[in-house]
Amino acid sequence: MSALPFVTLTSSALGACVGATLALTGAGGAIIAVPLLMFGLQLSVIEAAPIGLLAVASSAMLGAFLGLRAGIVRYRAAGLIAAAGMVMTPAGLWAARHVPNTPLTVLFAGVLAYVAVQMYRRAGGSHGASSSSQFVPCRLDTACGRLVWTLPCARVLTMWGAVAGFLSGLLGVGGGFVIVPALKRSTDLPMQTIVASSLGVIALVSMTGVVSSALQRHMDWPIAIPFAAGAVCAMLVGRAFARRLSGPKLQQGFAVIAGLIACGLVARVALNHI
């Protein structure tokens with residue numbers, strides 16, 4: 001088998017793993033895209049990040065479209081967060097080009113380990129008090145079903161959008177692990193609305209990174225296209241099984257796998273420096 005079909009098939013299979021994980025565990029599952037590309041195709045973080053963003057953007061667009069059709073996306077809040085993220089994504093891409101691969105890999109491993117711990121805790125029910133029992137800057141007006149806009153609300157959403165955008169460009173992640181907890185702490189929106197709105201943000205922010213990478217010719221299209229296609233197809237198939245298969249145990253299982261991948265990234269760095 002020649003190299004090109006092998007790379008295409010491998011990329012599609014890796015993308016399918018990401019799409020299935022997204023369907024079963026939610027937006028945070030996309031964070032495994034970059035390490036899968038690193039282990040499966042021996043790419044660096046800088047090479048894998050734009051490809052991961054394309055897959056994340058494609059999958060998130062699908063989820064956001066379904067959320068908009070169901071009327072559960074708070075598009076004004078999503079638009080503000082995304083605008084801040086889209087401004088910071090090019091800065092993250094620039095930083096990624098100027099940071100050596102070794103510290104970038106260690107940073108990614110640290111972020112992945114953090115996500116794994118938080119997902120495991122949430123799945124086990126130990127995620128702290130709900131937003132309904134504490135002060136939140138963004139309150140839902142139950143009369144009209146919209147957020148009440150105040151300066152503290154706009155400020156906190158803009159701040160978290162900027163953080164998510166920078167990390168998106170730097171590490172090739174969608175930022176769902178930042179946006180979902182931020183919306184949960186900062187608003188009293190129901191969880192279904194938070195997830196759907198975060199997908200809209202992720203789609204816009206990730207696509208900014210994709211366009212920036214493409215314009216700078218840093219996108220490896222022969223790998224990126226089959227990877228993204230595999231992710232979207234697997235997400236569509238996975239949604240049919242999500243209600244029957246998803247649950248706390250599956251979330252915790254993914255968290256353990258993500259933690260092991262983080263350890264594997266650190267071990268890879270260590271072995272390369274022996």
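This note walks through the predicted model point by point, from overall fold to single residues.

1. **Ground rules.** The model is predicted: local features need pLDDT of at least 70, side-chain atom pairs count only at pLDDT 80 or more, and totals for chains, interfaces and linings use all residues. Residues are numbered from 1 along each chain as its sequence is written, and side-chain values use heavy atoms, with hydrogens and water left out.

2. **Elements.** The protein has 10 helices and two strands. Helices (H or I, at least four residues) and strands (E, at least two) are DSSP runs, numbered from the N terminus. Their order from the N terminus is α-α-α-α-α-β-β-α-α-α-α-α.

3. **Overall dimensions.** The radius of gyration is 18 Å, close to the 19 Å from the globule rule for 274 residues, so the protein is as compact as a globular protein of that length. This radius is taken over C-alpha atoms, and the rule is 2.2 Å times the number of residues to the power 0.38. Along its principal axes, the C-alpha trace spans about 60 × 40 × 35 Å.

4. **Surface and burial.** Of the 274 residues, 49% count as buried. Buried means under 20% relative accessible area, exposed over 50%, and partly exposed in between (1.4 Å probe, protein chains only).

5. **Contacts along the chain.** Take the contacts between residues at least 6 apart in sequence: 80% of them join residues at least 24 apart. Contact means heavy atoms within 4.5 Å.

6. **The core.** The largest nonpolar core has 72 residues, and Ile31 and Leu37 have the most contacts inside it. Helix 3 (residues 45-70) gives the largest share of this core, 10 residues. A nonpolar core is a set of buried Ala, Val, Leu, Ile, Met, Phe, Trp, Tyr and Cys residues joined through side-chain atoms within 4.5 Å. Leaving aside neighbours within four places in sequence, Ile31 touches Phe108, Val111, Leu112, Val115, Val173 and Phe177.

7. **Helix 5.** The buried residues of helix 5 include Phe108, Val111, Leu112 and Val115. Leu104, Thr105, Ala109, Ala116, Met119 and Ala123 are also among them. An α-helix has 3.6 residues a turn, so residues three or four places apart point the same way. The buried residues of helix 5 pack against helix 2 (33-41), helix 3, helix 4 (75-98), helix 6 (151-171), helix 7 (176-186) and helix 10 (248-272). Its length also checks out: at 1.5 Å a residue, the 24 residues of helix 5 (residues 101-124) should span 34 Å, and the end C-alpha atoms are 34 Å apart. The expected span is 1.5 Å times one less than the number of residues.

8. **The disulfide.** There is one disulfide in the structure. It joins Cys138 to Cys153, with an S to S distance of 2.1 Å. The cut-off for a disulfide is a pair of cysteine sulfur atoms within 2.5 Å. Cys138 lies in the loop between helix 5 and strand 1 (139-141), while Cys153 is in helix 6, 15 residues apart. The torsion about the S-S bond is about 110°, so this disulfide is right-handed. Cys138 is buried at 0% relative accessibility. Cys153 is buried too, also at 0%.

9. Cys17 is in no disulfide; the nearest cysteine sulfur, that of Cys233, is 14 Å away. At 40% relative accessibility, Cys17 is partly exposed. Cys263 is in no disulfide either; the nearest cysteine sulfur, that of Cys17, is 20 Å away. Cys263 is exposed, at 52%.

10. **Positive phi.** Two loop residues deserve a look. Gln42 is not a glycine, yet its phi is positive, about 60°. Gln42 sits in the loop between helix 2 and helix 3 and is exposed at 56%. Arg217, also a residue other than glycine, has a positive phi near 60°. Arg217 is in the loop between helix 8 (191-215) and helix 9 (221-245), exposed at 77% relative accessibility.

11. **Val205.** Where is Val205 found? It is in helix 8. Val205 is buried, with a relative accessible area of 2%. Leaving aside neighbours within four places in sequence, Val205 contacts Ala82, Gly85, Met86, Thr89, Gly165 and Ser168. The C-alpha atoms of Val205 and Leu53 are separated by 9.0 Å, although the two are 152 residues apart along the chain.
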